[in-house]
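Trainee: I would like to go through the terms used for interfaces and check each one against its rule.

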Amino acid sequence: MSDTASASPLPKRSLIQTLEIDTRLLGMVGAFAVVCIVFNVITGGQFLTPRNIFNLTIQTVSVAIMATGMVFVIVTRHIDLSVGSILATCSAVMAVVQTRFLPDTLGLGLGNPLIPWVAILIGIAVGALIGAFHGYLVGYLGIPAFIVTLGGLLVWRNVAWYITSGQTIGPLDPTFLTFGGIGGTLGATWSWIVAALAVAATVAAQWSARRNKLAHEQPVKPAWAELAMSGVTALVIFGFVAILNAYDVPSRVLERAFQARGETMPEGYTAAYGLPISVLLLIAIAVVMTIIATRTRLGRYIFATGGNPDAAELSGINTRLLTVKIFMIMGILCALSAVVASARLSFHSNDIGTLDELRVIAAAVIGGTALSGGLGTIHGAILGALIMQSLQSGMAMVGVDAPFQNIVVGVVLVLAVLVDILYRKRTGEL
Amino acid sequence: MTPLVEMKDISIAFGGVQAVDHVSIDLHAGEVVGLLGHNGAGKSTLIKCLSGAYKADSGEIRINGKPVTIASPRDAREQNIETIYQTLALADNLDAPANLFLGREIVTGTGMLNDAKMEAETRKIMARLNPNFRKLKAPVKALSGGQRQSVAIARAVYFNAKILIMDEPTAALGVHETQMVCDLIMELKAQGLGIFLISHDTRQMMSLCDRVSVMKNGQLVATVRVEDVTEDDILGMIIMGKKPAVAA
């Protein structure tokens, strides 16, 4: 039980080590930056405009929300092929509830302020139930997740069809539509306030973690490194909001808004879109999922089970119930994605979420989630979703043929995993 | 004196195979009892009934004279029974503190994991068990066999085990590391723990154990005090199932 290797004096630490930056994360951010810059050059500066960045973020939200849940599923060595179909079923249920069931059957009347919230709650309940049912089949009955969710892919897609009799359902409730992206933004002032609160919260969390470490006499990084990290965080958050705030609402849209209120628009009036509510929802989900993954027993057990299911079981962890919980979380996230996706379209259509399962899995995998289990991060999956979406919309802007776009995305997926494997071999993680 | 552990008339079958066939063994505080036998003799299966990994078909387990039901690893832990498995049962992707506290994490007032505290506690216990252990932040798959073993042992020691089950604790270790584990077994015994030890190394068992129980084909051949028998007697029991004259 000797360990002579680490008994030698500490080697000189590089800047990245001192700052304790995750090099894989750095690599992904780098890849994302390269994609953005290349498209920006090809499109002659069209890609990195506030407008396109705004669109990119709202296009990413739906897949990114589900990708955070897919991380837990894949970390525990399962897979979920049914997320696109669960999304469709939840969307169908919420559409029917808000346009027919609540206003007509229950007699609340259209436009009742309760309608969107009750519809969302029912949608979440449906997602949670479907997910828990899948988890029960996998965890307690021992059917492989691949089979259960392959079945689910077919079942829920067509349950959605029956709920709506194959019809497109809309228009949806106006409040509900604010979750769609462009239809619901905070505006410049509130966006700045949210940004300031976010910076305050992250910096506070950073320093409280440092205090906790010091209280237990653990090594911490130097104060300047901590300050630098706080500075970078603040810069990223404020920078992102500044870009979104730079995207002004077109004057015709503003004019119509003033007309609707029976006013005339003052000369030279402008307003920015600011932070979309859907993006705010994604950030909130990302924070909650990251806390679950890194700071709670549930997350610890998810990763332990992924690393060694037998060890987890022998440690007294109820791995069957854990499987139910994981698929239930996935189902809830599908429902939240359904809110965003249908609100973005402003109606429910039959093909909503089609092929999303593949985008979601690809996002998680590009984001560094290992299919062999035990490894993966929430922020990685979101970044993976963002990289895929930038590739796709970038190619669309450049005018690449649709079939070729899919070829590129497919190649990138395989390459990303290869790079990840090579990286892990080098760092000895594999 | 009441034995710390009594396993009485334990039987367990898998399909048609009688893996353990009416076996009774016991263990006193401050005693090391060895379980010997060929692969498939049933010693691991028997001991897993005590650690909660399997449930016996019939028979009785008593702890300090009181009958108990052990249906899961959690039940075993509640009886202060800790097990160090042959496979070590570590989650390779997690670090040493996470493994040490797996299933029994220290949480803060708000129910969040207190990683800093768990790391500090791990550092303390490691200072006692393996002073060279420093890689507290690395996933345990990056550790050597001996270091991994000390994580597994620390897990048992930290939670004040009264009954310790060690299944082939030195199988994967080098000479120096094996000696450290042997020293530790003697130290824990001196502290009053009862230890069940499973091993194939007859000579090591002769030096570490007070008594050995030999199994063959799921049945108990005999339990003997090591000072009453020679190594050849024990080999005879293992290979031929031959009961030596001294066996009661």
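What follows is a talk about two interfaces, one inside chain B and one between chain B and chain A.

Mentor: This is a predicted model, in which local features need pLDDT of at least 70 and side-chain atom pairs count only at pLDDT 80 or more, while totals for chains, interfaces and linings use all residues. Residues are numbered from 1 along each chain as its sequence is written, chains are lettered from A and ligands numbered from 1 in the order in which they are written, and side-chain values use heavy atoms, with hydrogens and water left out.

Trainee: What makes up domain 1 and domain 2 of chain B?

Mentor: Domain 1 covers 1-80 + 161-248, and domain 2 covers 91-159. The bounds come from an automatic or database domain assignment.

Trainee: How do you know how many residues of the two domains are in contact?

Mentor: Contact means heavy atoms within 4.5 Å. By that rule, 16 residues of domain 1 of chain B touch 15 residues of domain 2 of chain B. In domain 1 of chain B, Arg77(B), Ala161(B) and Leu184(B) lose the most area to domain 2 of chain B, together 40% of what that side buries.

Trainee: Why is the pair Glu187(B) and Arg128(B) called a salt bridge?

Mentor: The term asks for a side-chain nitrogen of Lys or Arg within 4 Å of a carboxyl oxygen of Asp or Glu. The N to O distance here is 3.9 Å, so the pair qualifies.

Trainee: What is the buried area between chain B and chain A?

Mentor: It is about 3,100 Å², with 54% from carbon and sulfur atoms. Buried area is the accessible area (1.4 Å probe) that two parts lose on being put together, summed over both. In chain B, Asn93(B), Leu102(B) and Leu113(B) lose the most area to chain A, together 17% of what that side buries.

Trainee: Why does Asp115(B) with Arg300(A) count as a salt bridge?

Mentor: The closest N and O atoms are 3.1 Å apart, so the pair meets the salt-bridge rule. The count between chain B and chain A is three salt bridges.

Trainee: Which helix gives the largest share of the side of chain B that touches chain A?

Mentor: α4(B) does, with seven residues. Helices (H or I, at least four residues) are DSSP runs, numbered from the N terminus.

Notes:
Helix = DSSP H or I, 4+ residues; strand = E, 2+ residues; numbered from the N terminus.
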